[in-house]
Amino acid sequence: MVNLINLKKFWKNKKVFITGHTGFKGAWLCLILNLLGAKIYGYSLPPKKKSLFNQANCKKFLKKNIYANIINYKYLNKQISNIKPEILFHLAAQPLVSRSFENPLETFNSNIIGTTNILNSILYHRCIKSVVIITTDKVYKITNNKKLYNEDDILEGKDPYSSSKVCAELVTKSYNESFFKKNFLKDRVSTARSGNVIGGGDYSQNRLMPDIIDSIHRNKKLIVRNPNYIRPWQHVIEPLLGYMKLAESQFKAKKLHNYKSWNFGPNKNSFVKVIEIVNYIKKSNKLRIKINKKQKFFETKILKLNSYRAKKYLKWYPIWNLNKSINSVLEWNKLYKKTKNAKKICVEQIIEYLK
């Protein structure tokens, strides 16, 4: 297990500040970093009752657990000042396209002002040596159905969620160009864009895998919207380890050719239609489906990512194919139903991945 040993060498006892640690990706990141011996400090809104954060009892192993809104700049800055973290991952966000139509103001506040608060706060804390701002694969201007979008392509967001994340990218670029270029954070702040993540413990509304799992468990019809839309599907562990590689490289001041944005997407064979995932799971599970032809809100039809930059400069590569990723989610839910030990299941899957 060379990967695990090498990771532990760097991450053990590192002081890591995570915003949005109570969310799905945030909880998985906490579990990975805890396995590696990092000191984790979380800042986020309280988790929903049914959440991986609660199921895995993540609060128990955190050095500090802070329930607060990222919009509260004064309090956020005070916490960073008191904790003095070395590495910061900013995941706090309103992450759902559907919810962005229901509450655009919340989305813009969380995703734009929240990101700005983080960037402005780190200006004053020399303890910080690496910052990764998590955005999304949905920041690109869609120009060609066959195109794999890379980090230098034009950014554009039509829906409130995508637009808010484009703004987060631009605000980060502005701080990099205006402030960080000439201070201690030079080449230490980047944005990260991943594909559509799946994994155990995701209970978000209007997401494909949570909806499928819910339909199987409750023996109800799965309502499928946009069955022919294509996404870059990947297990949640994949991009999180990419974020961590990026954070480590920035911390060590490795030469990254002045790149400030990074894609962490799956291999090409994981760019598949929604209906293909549904049909794959249907082979081994009782799943009744209904196609919803009425589109409630706008979504990009085809989205593919080019992760060449991360592969070349960070030596990060996707490991699990789509079938393995889907099977790991189904296995997670099967084991959790049986044992109720979410933390143990996650840790075992992380160790399996690192092997």
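## Asp-187 and its loop

Let's start in the loop between H7 and E6, where you'll find Asp-187. Helices and strands here are DSSP runs (H or I, at least four residues, for a helix; E, at least two, for a strand), numbered from the N terminus. The phi angle of Asp-187 is near 65 degrees, a positive value in a residue other than glycine. Is Asp-187 buried, partly exposed or exposed? At 35% relative accessibility, Asp-187 counts as partly exposed; the cut-offs are under 20% relative accessible area for buried, over 50% for exposed, and partly exposed in between (1.4 Å probe, protein chains only).

Asn-183 sits in that loop too, between helix H7 (160–178) and strand E6 (189–194). Asn-183 is partly exposed, with 22% relative accessibility. Pick out Ile-118 as well: Asn-183 and Ile-118 are 65 residues apart in sequence, and their C-alpha atoms are 16 Å apart in space.

One thing to keep in mind: this is a predicted model, where local features need pLDDT of at least 70 and side-chain atom pairs count only at pLDDT 80 or more, while totals for chains, interfaces and linings use all residues. Residues are numbered from 1 along each chain as its sequence is written, and side-chain values use heavy atoms, with hydrogens and water left out.

## Lys-84, another positive phi

Now move to the loop between helix H4 (73–83) and strand E4 (87–90), which holds Lys-84. Phi of Lys-84 is near 55 degrees, again a positive value in a residue other than glycine. With a relative accessible area of 48%, Lys-84 is partly exposed.

## Aromatic rings

How many aromatic pairs does a search of the whole structure find? The search turns up 14. Rings of Phe, Tyr and Trp (its six-membered ring) pair if their centres lie within 6.5 Å; planes under 30 degrees apart count as stacked, over 60 as edge-to-face and the rest as tilted. One of the pairs is Phe-17 with Tyr-43: the ring centres are 6.1 Å apart and the planes are at 35 degrees, so this pair is tilted. Phe-17 belongs to strand E1 (residues 15–19) and Tyr-43 to strand E2 (residues 39–44), so the pair ties together parts that are 26 residues apart in sequence. Both of these residues, Phe-17 and Tyr-43, are buried.

Tyr-259 and Trp-262 make an edge-to-face pair, 6.0 Å centre to centre with 90 degrees between the planes. Tyr-259 is partly exposed at 25% relative accessible area, whereas Trp-262 is buried at 0%. There's a cluster to find as well: ring pairs link Phe-10, Trp-11, Phe-89 and Phe-251.

## Zooming out to the chain

The chain has 13 helices and 12 strands. Its C-alpha trace spans about 55 × 45 × 40 Å along the principal axes. A compact globule of 355 residues would have a radius of gyration near 20 Å, and the chain has 19 Å, so the two agree. That radius is taken over C-alpha atoms, and the globule rule is 2.2 Å times the number of residues to the power 0.38.

Of the 355 residues, 55% are buried. Take the contacts (heavy atoms within 4.5 Å) between residues at least 6 apart in sequence: 80% of them join residues at least 24 apart.
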